[in-house]
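Here is a friendly walk through one protein model, from a single side chain out to the sheets and cores. Please keep the viewer open as you read.

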Amino acid sequence: MGTMQAALPIPTSWLHDAIARIEADYQRSADTHLIPLNLPGFARCGIDLYLKDESTHPTGSLKHRLARSLFLYALCNGWIREGATIVEASSGSTAVSEAYFARLLDLPFVAVMPRSTSAEKVAQIEFHGGRCHFVDSAAEVYDAARTIAHDTGGHYMDQFTYAERATDWRGNNNIAQSMFSQMQRERHPVPRWIVVGAGTGGTSATIGRWVRYQSLSTQVCVADPEGSVFSAYHRTGDATLTACGSRIEGIGRPRVEPSFIPSLVDRMEEVDNLASIAAMQLLGQLLGRRVGPSTGTNLVAMLRLACDMRDRGEQGSILSLLCDAGERYLCTYHDAQWVQQQLGDVAPALARLQQLLDRQGQVQRWV
């Protein structure tokens, strides 16, 4: 649970002003774009692939939605007071977005992150007025964040607990509603699959609940990176499991997080690190701009699903997320030497992925 100040009445004028600032910021923001992927071989089979580009939010990632929801949830629960320090445990992107909203409310912000977090994300947090506190491993972020919140008399946002409940899955600030609205005039307007990664699990929970609430046939697939515990948890139901942790920044966790709801996930796809990087690179070539590594993880799962659909003679659409831009990872995942040293040789994985399309755009078997 988040750490907060003693339960004292919060001045109504400050609370109303804080909520009004966040709502005004939302009103100024446009929705994010839906991008069709140009994959002729799949298209000829009646299978269309799309990415919703969450990198266009003011703070550059999908986590902008989550941060807004977490702030509104905490404010309406009476957990945030004027001047209180906001603390979050994060691999970077959520912290960037929360720093933005903390500055909007004139609140101090501390991000607790692994030392391996990209320098670009650290710079963005500091740009928005936040302070970074580093720990040696992802497993240490929780206790460190609680301690800082306690020592400052502030509030620990705890995205890993509250992500699945802070967002109203029936409508308000709901990515699922936006996705389906934007798909209305496409060839297959109701997606066969929606693919997301899981860091907190909040996005898969929101989408899974919304498609059930709307009585839709869409299924949810979570693309889980190598080293994450979520796939094993989905198979076994054992919430005590742990893992070494993901090397794909932003998704995958070393422990089972409260916001990951396995009953809302229809299929898990485990993706090794080099396949994620290869798909990230290939997608950059298709789009003409860099994307982040978790988007590569999503693309691998999308292509596997598309090949399975093709082999069964099924038609339909597959929708996923472009989570953030590659400019956040210029010194890491987009640096060939860093990838070689940290993850290995990406060339074989990239060659296998490129074989998916021959020169005529004919779909070949995914390996």
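## Starting point: Ser178

Ser178 is buried, with a relative accessible area of 11%. Since the model is predicted, please read this value, like the others below, as computed from the model. Ser178 belongs to helix 8, which spans residues 175-182. Which residues does Ser178 contact, once its neighbours within four places in sequence are left aside? They are Asp31, Lys52 and Arg65.

Six strands make up an open sheet, and their order is 1-2-10-7-8-9. The pairing in this sheet is mixed. Strand 1 (33-36) and strand 9 (267-271) are the edge strands, each pairing on one side only. On average, neighbouring strands here are turned by 25° against each other, with direction ignored.

Further in, strand 7 pairs with strand 10 in the parallel sense, over three bridges. If you select Ile194, you will find its bridge partner in strand 10: Leu319.

## The largest nonpolar core

In soluble globular proteins, nonpolar side chains tend to be buried together. In this model, the largest nonpolar core holds 44 residues. Phe42, Leu49, Val195, Ile277, Leu303, Ile318 and Tyr333 have the most contacts inside it. Several elements give two or more residues to this core, among them strand 2 (47-53), strand 7 (193-197), strand 8 (219-225) and strand 10 (316-322). Helices contribute at that level too, including helix 11 (273-287), helix 13 (336-342) and helix 14 (347-354). Helix 12 supplies the largest share of the core, with nine residues.

Leaving aside its neighbours within four places in sequence, Val195 is in contact with Cys221, Ala223, Asn298, Ala301, Met302, Leu305, Ile318, Leu319, Ser320 and Leu321. There is also a second, separate core of 33 residues, which includes Trp14, Leu66, Ala95 and Ala111.

Another open sheet has four strands in the order 5-4-3-6, with parallel pairing. Strand 5 (131-135) and strand 6 (155-156) each have a single partner strand, so one side of each is left without a neighbour in the sheet. Strand 3 pairs with strand 6 in the parallel sense over two bridges, and Ile86 stands opposite His155 in strand 6.

Helix 5 (residues 119-127) packs on this sheet, where it touches strand 4 and strand 5. The direction of helix 5 makes about 145° with that of strand 5.

## Aromatic pairs

How many aromatic pairs does a search of the whole structure find? The count is twelve. In one of them, the ring centres of Trp79 and Tyr162 are 5.2 Å apart and the planes stand at 55°, so the pair is tilted. This pair links distant parts of the chain, 83 residues apart: Trp79 is in the loop between helix 3 (63-76) and strand 3 (86-89), and Tyr162 is in helix 7 (residues 159-166). Are these two residues buried or exposed? Trp79 has a relative accessible area of 17%, so it counts as buried, and Tyr162 is buried at 4%.

Tyr142 and Phe160 form an edge-to-face pair, at 5.7 Å centre to centre and with 70° between the planes. Tyr142 sits in helix 6 (residues 141-152) and Phe160 in helix 7, 18 residues apart. Both Tyr142 and Phe160 are buried. Ring pairs also link Phe71, Tyr100 and Phe101 into a cluster.

## Charges over rings

Arg103 lies over the face of Phe127, 5.5 Å from the ring centre.

## Positive phi in two loops

Asp106 is not a glycine, yet it has a positive phi of about 60°. Its place is in the loop between helix 4 (93-104) and strand 4 (109-114), and Asp106 is exposed, with a relative accessible area of 59%.

Ser215, also not a glycine, has a positive phi of about 55°. Ser215 lies in the loop between helix 9 (202-213) and strand 8. With 67% relative accessibility, Ser215 counts as exposed because the cut-off for that label is over 50%.

Terms used. Residues numbered from 1 in each chain as written. Predicted model: local features only at pLDDT ≥ 70, side-chain atom pairs only at ≥ 80, totals over all residues. Heavy atoms only, no water. Core = buried A, V, L, I, M, F, W, Y, C linked by side-chain atoms within 4.5 Å. Buried < 20%, exposed > 50% of the residue type's maximum accessible area, 1.4 Å probe, protein only. Contact = heavy atoms within 4.5 Å. Pairing = 2+ DSSP bridges. Axes fitted to C-alpha atoms, helices over the stretch in contact; angles between N-to-C directions. Phe/Tyr/Trp six-rings, centres within 6.5 Å; stacked < 30°, edge-to-face > 60°. Lys NZ or Arg CZ within 6 Å of the ring centre and 35° of its normal.
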